[in-house]
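Colleague: I am new to reading protein models. Could you take me through one, a feature at a time?

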Amino acid sequence: QTAARGRGGSLGLTQLMPATARSIDRSLRTDAQILDATTNLRLGFRYLRSLIEHYDGSVKLGLLAYNRGLGTVDRAIRTGRDPENGYSPRVLNAGGSRYTGDGVLEEEEP
């Protein structure tokens, strides 16, 4: 649903927090602008890409930070704790097959 609103205030298909969306695109003024499907997807993917790059290509950590928050994941890593801390099984408890990849984005060839 393009007008999806999360309990914590996240908006749209990519469930961006308004402050995060506005930090990526300073021209956004209203929730309606963030909820626009094209805008929401563009911003959500841009944000995810920046998180993956922040973690040197780790898709796993990028996705974890997208969902748990960059500060939460960075703090866990900095203090030597597991940034996952059981989050994925609790949230994704889908019962399907688990991802078994290494979570690292392959380098693109020029």
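Modeller: Start with a rule for helices: the expected span of a helix is 1.5 Å times one less than its number of residues. Keep in mind that this model is predicted.

Colleague: How does the span of helix α3 agree with 1.5 Å a residue?

Modeller: Helix α3 covers residues 37–54, which is 18 residues, so it should span 26 Å. The C-alpha atoms at its ends are 25 Å apart, which agrees.

Colleague: How many helices and strands are there in the protein?

Modeller: The protein has six helices and zero strands. Along the sequence the pattern reads α-α-α-α-α-α.

Colleague: Which residues of α3 are buried, and what covers them?

Modeller: The buried residues of α3 are T39, N40, L43, G44, Y47, L48, L51 and I52. Their cover includes α1 (18–24), α2 (31–35), α4 (59–68) and α5 (70–78).

Colleague: Where do nonpolar side chains tend to be in soluble globular proteins?

Modeller: They tend to be buried together. Here the largest nonpolar core has 17 residues, and L16, A21 and Y66 have the most contacts inside it. Helices α2, α3 and α4 each supply at least two residues of this core. Its largest share, five residues, comes from α3.

Colleague: With which residues is L16 in contact, leaving aside neighbours within four places in sequence?

Modeller: L16 is in contact with G9, S10, L11, A21, N40, L43, G44, Y47 and Y66. For the protein as a whole, take the contacts between residues at least 6 apart in sequence: 31% of them join residues at least 24 apart.

Colleague: Which residues have a positive phi without being glycine?

Modeller: Q15 is one of them, with phi near 50°. Q15 lies in the segment before α1, and its relative accessibility of 32% means that it counts as partly exposed. D56 also has a positive phi, about 50°, and is not a glycine. D56 follows α3 and is found in the loop between α3 and α4.

Colleague: Is D56 buried or exposed?

Modeller: D56 counts as exposed, because its relative accessibility is 72%, and the cut-off for exposed is over 50%.

Colleague: What shows where empty space is left?

Modeller: Rolling a probe the size of a water molecule over the atoms shows it. In this model, the second largest pocket holds about 350 Å³ of space.

Colleague: Which residues lie nearest the centre of that second largest pocket?

Modeller: The lining has 13 residues, and S10, Q15, M17, Y66 and N67 lie nearest the centre. Helix α4 gives the most to this lining, with three residues.

Terms used:
Residues are numbered from 1 along each chain as its sequence is written. This is a predicted model: local features need pLDDT of at least 70, side-chain atom pairs count only at pLDDT 80 or more; totals for chains, interfaces and linings use all residues. Side-chain values use heavy atoms; hydrogens and water are left out. Helices (H or I, at least four residues) and strands (E, at least two) are DSSP runs, numbered from the N terminus. Buried means under 20% relative accessible area, exposed over 50%, partly exposed in between (1.4 Å probe, protein chains only). Contact means heavy atoms within 4.5 Å. On a 1 Å grid over the protein atoms alone, a cavity is a set of points where a 1.4 Å probe fits but cannot get out, and a pocket is an open set with protein on both sides within 12 Å along at least five of seven lines; lining residues have an atom within 4 Å of a point. Grid points are joined across faces, edges and corners, and a volume is the space filled by probe spheres set on the points. A nonpolar core is a set of buried Ala, Val, Leu, Ile, Met, Phe, Trp, Tyr and Cys residues joined through side-chain atoms within 4.5 Å.
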